[in-house]
Amino acid sequence: MSREYIIYTDESIKSGPLYGNFYGGALLRSNDIDRVNAELRDIATAAHLTGEIKWQKVTAQYLSKYQLMMNAFFDLVRGNCIKVRVMFTQTRNVATGLETYHREHSYHILYYQFLKHAFGLRYANPGGSPIRLRIYVDQLPDTTDKNALFKAFVVGLVVSSNPTGIGCSSPAPAGSMSS
C-alpha cells in the first residue's frame, strides 16, 4: 500500500539585524490530515480566530487565543502528527562568489534547498513501496517564468533523488538549483 505525505510551506525573505530568509514547513501523513485540520479548526473557531493566523496579528486581547492555538499545534507535533522544519540565514554571513543567476534566483534556490534537505525525503521510504508527495507553497512572489522554473526543479528533485520510490509527475530540466 502506498503512503502519501503533505508538506505545507511558507517563507519570509525579510532580513533583521541577525537573521533573514526564513523558510518554514510542516509535513503530515495524509491519513492524519483530517484529524489535524479538525482539531486546529475547532480551536480556531472556538477562539474566534479567522483568516491566517500570524503573530503580527496578536494583540493583548487575542494573546491567550493564539497561545491556545499554538499549544494545540505543538501537541500535534509532540504526538508525531506534524513534523516542523525551519531554515534561515544569518545576515552576518554574506555569500561570496555567486554568479548573477544565483543572486537573481536566490529566493527560489533557497526554497529548493529547504525542500530538498529539511524533511529527509530521500530517507522517507526504506521499504521501497511507492510514496505520493504533495507540496503546497505559499504564493510565490516572483515572475511567472521564475516560479515555473522553480516548480519544475521541485518536481525534478522528487524524481531524481528517488532511491526510495517517492513519485511525482515529470522530470525537471538540468540547471543551477541542484546541489
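## The α1/α2 pair

The contact comes from R35, V36, E39, L40, I43 and A44 on the α1 side, and from L68, M69, A72, F73 and L76 on the α2 side, where contact means heavy atoms within 4.5 Å. Sort those residues by type and you get nine nonpolar, no polar and two charged. For that sorting, Ala, Val, Leu, Ile, Met, Phe, Trp, Tyr, Cys and Pro are nonpolar, Asp, Glu, Lys and Arg are charged, and the others, Gly among them, are polar.

As for geometry, α1 covers residues 33–46 and α2 covers residues 63–78, and they pack at an angle of about 165° with their axes 9 Å apart. That angle makes α1 roughly antiparallel to α2, since over 145 degrees counts as roughly antiparallel, under 35 as roughly parallel, 65 to 115 as roughly perpendicular and the rest as oblique. The axes are lines fitted to C-alpha atoms, for helices over the stretch in contact, and the angles run from 0 to 180 degrees between N-to-C directions.

## What kind of model this is

This is a predicted model, so a few ground rules apply: local features need pLDDT of at least 70, side-chain atom pairs count only at pLDDT 80 or more, and totals for chains, interfaces and linings use all residues. Residues are numbered from 1 along each chain as its sequence is written, and side-chain values use heavy atoms, with hydrogens and water left out.

The protein chain averages a pLDDT of 82, and 87% of the residues score at least 70; pLDDT is the predictor's confidence in each residue, from 0 to 100. Over residues 160–179 pLDDT stays under 50, though the model has 51 contacts beyond four places in sequence for that stretch. Where pLDDT is low, the predicted coordinates should not be read in detail.

## The chain as a whole

The protein chain has five helices and five strands, running β-β-α-α-β-α-α-β-α-β from the N terminus on. These are DSSP runs numbered from the N terminus, with helices being H or I of at least four residues and strands being E of at least two.

How much of the chain is buried? Buried residues make up 31% of the 179 residues, where buried means under 20% relative accessible area, exposed means over 50%, and partly exposed is in between (1.4 Å probe, protein chains only). Take the contacts with a separation of 6 or more, and 68% of them join residues 24 or more positions apart.

D10 sits in strand β1, residues 3–15, and is partly exposed at a relative accessible area of 29%. Not counting residues up to four places away in sequence, D10 touches F22, Y23, G24, E52, Y111 and D138.

D32 belongs to the loop between β2 (19–29) and α1. Is D32 buried or exposed? Its relative accessible area is 12%, so D32 is buried. Leaving aside neighbours within four places, D32 is in contact with N80 and C81. The C-alpha atoms of D32 and C81 are separated by 6.5 Å, with the residues 49 apart along the chain.

N80, one of the contacts of D32, is in the loop between α2 and β3 (83–90). N80 is partly exposed, with a relative accessible area of 37%. Phi of N80 is near 65°, a positive value in a residue other than glycine. N21, in strand β2, also isn't a glycine and has a positive phi of about 50°.

H105 falls in the loop between α3 (100–104) and α4 (106–118). H105 is buried, at 9% relative accessible area, and setting aside neighbours within four places, H105 is in contact with K146 and L149.

K116 is in helix α4. Here is a charged residue that is buried, with a relative accessible area of 18%. The C-alpha atoms of K116 and V154 are separated by 8.2 Å, and the two residues are 38 apart along the chain.
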